[in-house]
Amino acid sequence: MNDMPFTSPADFAAAVAPDDTGAPGFWFVFQADRLLVELGPPSPHPSGDLRVPSRPSWARLPLLKNNNPLWFEPARTLYLGRLAGTDCWAAEAPRQAEAPPPGWGWEGLRALFSVLEDAHFALAGRAIQLLDWDRNHRFCGRCGAPTEAKTEERSRACPQCRLAAYPRISPAVMALVRREGEILLGRSPHFPPGMYSALAGFAEPGETLEQCLEREVEEEVGVRVSRIRYFASQPWPFPNSLMIAFVCDWVSGEIRPQAGEIEDAKWFNVLQLPKLPSKISIARRLIDSVVGEMQAKHA
Ligand SMILES: [Zn+2]
């Protein structure tokens with residue numbers, strides 16, 4: 001499944017330091033969680049994502065010889081690597097940076113899905129995670145000394161106590177529970193109105209992914225499952241997850257939504273589904289794939 005959004009492009013080679021070619025590179029410049037892009041007028045078409053009220057009709061990354069054409073001094077700059085031979089850089093704009101020049105703007109990543117070129121969109125997800133990590137590890141978590149960026153690998157090291165900090169990725173399991181002609185979907189209180197999705201939760205220390213899935217499903221909806229089958233995985237930069245998706249079968253238990261976590265959960269007939277997450281997420285890919293198989297079987 002190569003077309004999963006946020007998947008590293010095949011022609012991207014990650015690196016920590018440039019070869020110093022001096023050629024123009026792509027710049028992934030973020031102010032908080034929004035990316036600097038040159039952008040067209042709002043698209044007349046609906047976005048297909050309940051979280052995105054409108055999106056630009058087109059958007060392009062800045063291609064700069066270095067960061068000099070930026071109108072502010074970046075708070076931090078990281079080299080990402082090369083995309084088909086072109087250098088890629090990440091930079092963070094300070095919050096007080098002045099507004100971009102005409103024709104340019106700051107856009108959230110969700111609004112840029114299917115607008116920005118896929119490879120650039122994926123690398124924007126990588127860039128924001130690395131900028132976050134770099135900002136959050138300026139000081140050693142053990143002794144408090146300022147850390148230093150390593151030049152031979154992506155890490156920050158403490159010169160006092162030698163503790164090394166690597167970019168953190170939090171594995172999260174997604175579970176689509178099925179039984180005869182139906183799938184179990186739930187909604188968390190912060191979902192857009194009417195939207196339901198597969199269940200998900202973070203793995204805990206000491207758990208396998210399968211154990212995590214069984215625990216999460218039982219905690220969130222009070223249901224027991226079996227026959228856990230791997231579907232696919234997706235890097236998910238909101239803020240630093242790796243989503244690992246599975247399908248599984250209901251064994252026993254009636255739905256009992258976990259207070260505070262799950263606002264509602266139901267069995268949905270595969271022919272009558274509610275509003276679903278957009279195709280930006282593995283949740284939608286998982287649901288579409290499983291529903292497609294189930295419909296084919298019952299056709
Ligand atoms: Zn230290």
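Me: Helices are DSSP runs of H or I with at least four residues, strands are DSSP runs of E with at least two, and both are numbered from the N terminus. On that basis, what gives the most to the lining of the largest pocket?
Reply: This is a predicted model. In it, β14 gives the most to that lining, with four residues.

Me: What else supplies at least two residues there?
Reply: Besides β14 (199-202), the strands are β12 (170-179), β13 (182-187), β15 (224-236) and β16 (241-252). Two helices, α3 (209-221) and α4 (282-298), also supply at least two residues each.

Me: How many residues line the largest pocket, and which lie nearest its centre?
Reply: The lining has 37 residues, and S188, H190, F191, A200 and M243 lie nearest the centre.

Me: How much space lies in it?
Reply: About 830 Å³.

Me: How does that lining divide into nonpolar, polar and charged?
Reply: The lining of the largest pocket has 18 nonpolar residues, 11 polar and eight charged.

Me: Switching over, what volume does the second largest pocket have?
Reply: The second largest pocket comes out at about 510 Å³. It is lined by 25 residues, with Q129, L130, P167, R168 and I169 the closest to its centre.

Me: Which element gives the most to that lining?
Reply: α2 does, with eight residues. That helix spans 118-136, and β16 also supplies at least two residues. β16 supplies at least two to the lining of the largest pocket as well.

Definitions and conventions:
Residues are numbered from 1 along each chain as its sequence is written. This is a predicted model: local features need pLDDT of at least 70, side-chain atom pairs count only at pLDDT 80 or more; totals for chains, interfaces and linings use all residues. Side-chain values use heavy atoms; hydrogens and water are left out. On a 1 Å grid over the protein atoms alone, a cavity is a set of points where a 1.4 Å probe fits but cannot get out, and a pocket is an open set with protein on both sides within 12 Å along at least five of seven lines; lining residues have an atom within 4 Å of a point. Grid points are joined across faces, edges and corners, and a volume is the space filled by probe spheres set on the points. Ala, Val, Leu, Ile, Met, Phe, Trp, Tyr, Cys and Pro count as nonpolar, Asp, Glu, Lys and Arg as charged, and the others, Gly among them, as polar.
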